[in-house]
Amino acid sequence: MVYLALTPQGLQEILDIPEAAEAPVWCGANVLSEAEFAKLERSNVTRFTYSLANAEKATIQRALWTIENHHPGKHIWVESVLFED
């Protein structure tokens, strides 16, 4: 399983799951700043250089394609974000 976090809260939830301690975790630039990423003591987290906040479908598809290229054949869990009107 590979995780894609779209929000800081989602990333923290994933990082708090013992079963995900060694699983690959990806997130957008909006989830962690460069400074926060540099301080993160987890080698299994990858940060995109672009934001996934309010991203268009094509941007999410590009992120999923990148993850698939790095982790072929693995299931990708994507955080679901509900938007309020």
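Colleague: Strand S1 covers residues 2-5; which of its residues point one way, and which the other?
Modeller: This is a predicted model. In a regular strand the side chains alternate between the two faces of the sheet. In S1, all the residues are buried. One way point Val2 and Leu4, and the other way Tyr3 and Ala5.

Colleague: How many bridges join S1 to strand S4, and which residue there is the bridge partner of Val2?
Modeller: S4 spans residues 76-78 and runs parallel to S1. The two strands are joined by three bridges. Val2 has its bridge partner in S4, and that partner is Ile76.

Colleague: And in strand S2, which residue is the bridge partner of Leu4?
Modeller: S2 takes in residues 25-27. S1 and S2 run parallel, with three bridges between them. For Leu4, the bridge partner in S2 is Trp26.

Colleague: Is Leu4 buried or exposed, and at what relative accessibility?
Modeller: Leu4 lies in strand S1. Leaving out residues up to four places away in sequence, Leu4 touches residues that include Phe48, Leu52, Leu64, Ile67 and Trp77. Buried means under 20% relative accessible area. Leu4 therefore counts as buried, with a relative accessibility of 0%.

Colleague: How far apart in space are Leu4 and Glu34, C-alpha to C-alpha?
Modeller: Along the sequence, 30 residues separate Leu4 from Glu34. In space, the C-alpha to C-alpha distance between Leu4 and Glu34 is 17 Å.

Colleague: Turn to S2. What relative accessible area does Cys27 have?
Modeller: Cys27 belongs to strand S2. Not counting residues up to four places away in sequence, Cys27 touches Leu4, Ala5, Leu11, Leu32, Thr46, Arg47 and Phe48. Cys27 is buried, and its relative accessible area is 0%.

Colleague: What separates the C-alpha atoms of Cys27 and Asp16?
Modeller: Cys27 and Asp16 are eleven residues apart along the chain. Their C-alpha atoms are separated by 15 Å.

Colleague: Which residues does Ala63 touch, not counting those up to four places away in sequence?
Modeller: Ala63 sits in helix H3. At 0% relative accessibility, Ala63 counts as buried. Beyond its sequence neighbours up to four places away, Ala63 touches Phe48, Tyr50 and Leu52.

Colleague: Why does Thr66 count as buried?
Modeller: Thr66 is found in helix H3, residues 57-70. Neighbours within four places in sequence aside, Thr66 is in contact with Trp26 and Phe48. The cut-off for buried is under 20% relative accessible area. Thr66 counts as buried because its relative accessibility is 19%.

Colleague: Where is Asn54, and what is its phi?
Modeller: Most residues other than glycine have a negative phi. Asn54 is not a glycine, yet its phi is positive. Asn54 is placed in the loop between strand S3 (45-47) and H3. Its phi is about 55 degrees.

Colleague: Is Asn54 buried or exposed?
Modeller: Exposed means over 50% relative accessible area. Asn54 has a relative accessibility of 65%, so Asn54 counts as exposed.

Colleague: Now the whole chain. In what order do the elements run from the N terminus on?
Modeller: The protein has three helices and four strands. From the N terminus on, their order is β-α-β-α-β-α-β.

Colleague: What is the radius of gyration of the protein?
Modeller: For 85 residues the globule rule gives 12 Å. The value for the protein is close to that, so the protein is as compact as a globular protein of that length. The C-alpha atoms fill a box of roughly 35 × 30 × 20 Å, taken along the principal axes. The radius of gyration is 12 Å.

Colleague: What share of the contacts between residues at least 6 apart in sequence join residues at least 24 apart?
Modeller: Of the 85 residues, 36% count as buried. Of the contacts between residues at least 6 apart, the share joining residues at least 24 apart is 37%.

Colleague: How far apart do the centres of the positive and negative side chains lie?
Modeller: The protein exposes about 5800 Å², with 53% of that supplied by carbon and sulfur atoms. There are 6 positive and 12 negative side chains. The distance between the centres of the two sets is 7 Å.

Conventions:
Residues are numbered from 1 along each chain as its sequence is written. This is a predicted model: local features need pLDDT of at least 70, side-chain atom pairs count only at pLDDT 80 or more; totals for chains, interfaces and linings use all residues. Side-chain values use heavy atoms; hydrogens and water are left out. The radius of gyration is taken over C-alpha atoms; the globule rule is 2.2 Å times the number of residues to the power 0.38. Buried means under 20% relative accessible area, exposed over 50%, partly exposed in between (1.4 Å probe, protein chains only). Contact means heavy atoms within 4.5 Å. Accessible areas come from the Shrake-Rupley method with a 1.4 Å probe; for residues, only the protein chains shown count as cover. Lys and Arg count as positive and Asp and Glu as negative; His and the chain ends are not counted. The place of a charge is taken as NZ of Lys, CZ of Arg, CG of Asp or CD of Glu. Two strands pair if DSSP finds at least two bridges between them.
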